[in-house]
Amino acid sequence: MDNKSLVSIDDYTKEEILEVLTRAAEFEKNPNSNILEGKVISSLFFEPSTRTRLSFETAISRMGGKIVGFTDASSSSTTKGETLNDTIKMVSNYSDLIVMRHPIEGSARWASEVSDVPVINAGDGANQHPTQTMLDLYSIQKTQGTLENLNIFMVGDLKYGRTVHSLLMALSHFNPTFHFIAPAELEIPRAYKILMDKNNITYYEHTEFDSIINDADILYMTRVQRERFADPLEYEKVKNVYILKNDMLKDTKDNLRILHPLPRVNEIAVDVDSNPKAYYFEQALNGVYARQAIIAKALDL
């Protein structure tokens with residue numbers, strides 16, 4: 001693997017996380033530059049995406065780079081039977097960096113091992129989504145003034161939610177207290193509980209979505225992902241189990257901010273949008289600055 005790739009959030013040390021967040025703040029102040037002039041970035045989205053793809057393309061465009069690639073695997077040679085190995089080897093000949101989203105867990109790690117240029121994982125199945133994690137950390141730091149010692153509440157799909165998995169791992173550097181709110185079918189996987197136990201991180205599990213959120217500094221809502229369910233009946237059973245409504249926020253802390261990786265379906269009622277504690281649209285904008293910083297780091301710029 002090229003040591004400049006970002007496949008898992010574990011590829012960054014705590015110091016590197018903080019370095020990227022500092023760089024993201026610089027890009028927020030001055031988002032337009034030409035530091036990618038003469039560089040070609042391949043954007044390979046084997047799975048549908050809106051925010052991630054567009055924010056990467058915006059980041060690259062604002063940095064003066066060129067973008068090639070595809071937004072739908074059906075328009076690539078994979079429909080002719082080309083392997084991921086061959087696709088990545090071929091594309092790495094054409095570009096200075098690859099941004100890839102793929103539905104299969106572990107695909108990004110494999111790509112990074114066969115590519116001749118750095119690979120940035122834009123999501124691999126239910127596994128990892130490290131660039132989303134970096135924009136989440138940037139959003140938390142901006143709104144709380146720190147990443148240390150926060151009460152983080154995560155709600156919804158904690159089993160398949162790759163954003164949750166990556167964020168949990170990253171925040172483990174900063175002494176958080178986690179509260180996980182999920183139905184039994186979607187509880188946080190055991191592997192992450194073992195990780196938290198190993199690192200002496202305090203966490204609690206809940207099935208009820210009620211006044212316990214009054215203690216939250218960050219309320220991280222997630223969508224129950226229909227595409228991860230093999231059985232449609234199982235999805236129907238849990239899809240509307242937790243819905244955040246504006247009146248549930250009346251006794252929450254003043255510093256509370258509500259995050260969501262988006263897209264939302266109906267897990268956050270629209271009446272929450274006007275509440276000053278809602279931060280998910282600003283969070284999405286932060287993705288441009290965070291991804292600019294990640295790209296700059298991958299290319300040593």
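Predicted model: local features only at pLDDT ≥ 70, side-chain atom pairs only at ≥ 80, totals over all residues.
Residues are numbered from 1 along each chain as its sequence is written. Local features need pLDDT of at least 70, side-chain atom pairs count only at pLDDT 80 or more, totals for chains, interfaces and linings use all residues, and side-chain values use heavy atoms, with hydrogens and water left out.

Start with the open sheet. Five strands run in the order β7-β6-β5-β8-β9, with parallel pairing. Two strands pair if DSSP finds at least two bridges between them. β7 (202-206) and β9 (257-259) stand at the edges; each has a single partner strand, so one side of each lacks a neighbour in the sheet. From one strand to the next, the twist averages 20 degrees. Axes are lines fitted to C-alpha atoms, for helices over the stretch in contact, and angles run from 0 to 180 degrees between N-to-C directions.

Now take the pairs. Strands of a sheet pair through backbone hydrogen bonds, either parallel or antiparallel. β5 and β6 pair in the parallel sense over five bridges. I152 has F178 in β6 as its bridge partner. F153 stands opposite H179 in β6.

Buried means under 20% relative accessible area, exposed means over 50%, and partly exposed lies in between (1.4 Å probe, protein chains only). β5 is mostly covered as well, with four of its five residues buried. Helix α7 (residues 190-198) lies across β6 (177-181) and β7, running at about 145 degrees to β7.

Next comes the packing. In soluble globular proteins, nonpolar side chains tend to be buried together. A nonpolar core is a set of buried Ala, Val, Leu, Ile, Met, Phe, Trp, Tyr and Cys residues joined through side-chain atoms within 4.5 Å. The largest one holds 56 residues, and M134, L137, M154, F178 and I295 touch the most other members. Helix α9 (residues 280-298) gives the largest share of this core, eight residues. M134 touches I9, Y12, I17, V20, L21, A290 and I294, leaving aside residues up to four places away in sequence. Contact means heavy atoms within 4.5 Å. A second, separate core has 18 residues, including V155, I213, L249 and A278.

Helix α4 (residues 107-114) also has a covered face. Its buried residues are S107, A108, A111, S112 and V114. Among the elements covering them are α3 (84-94), β3 (97-102) and β4 (119-124).

Turn to the largest pocket. A pocket is an open set of points on a 1 Å grid over the protein atoms alone, with protein on both sides within 12 Å along at least five of seven lines; lining residues have an atom within 4 Å of a point. The volume is about 580 Å³, counted as the space filled by probe spheres set on the points, which are joined across faces, edges and corners. The lining has 31 residues, and R101, R223, P261, L262 and P263 lie nearest the centre. Elements giving two or more residues to this lining are α2 (51-62), α5 (130-144), α6 (162-171) and α9. The largest share, seven residues, comes from α9.

A cis peptide bond joins L262 and P263, with omega about 5 degrees. P263 sits in the loop between β9 and α9.

N149, not a glycine, has a positive phi of about 60 degrees. N149 lies in the loop between α5 and β5 (151-155) and counts as exposed at 52% relative accessibility. D300 is not a glycine either, and its positive phi is about 55 degrees. D300 belongs to the segment after α9 and is exposed, at 57% relative accessibility.

End on helix α5, where K142 is placed. At 38% relative accessibility, K142 counts as partly exposed. K142 touches E28, Y279 and N286, not counting residues up to four places away in sequence. The C-alpha atoms of K142 and L21 are 9.8 Å apart, though 121 residues separate the two along the chain.

Notes. 1 Å grid on protein atoms, 1.4 Å probe; cavity = no way out; pocket = protein on both sides within 12 Å on 5 of 7 lines; lining within 4 Å.
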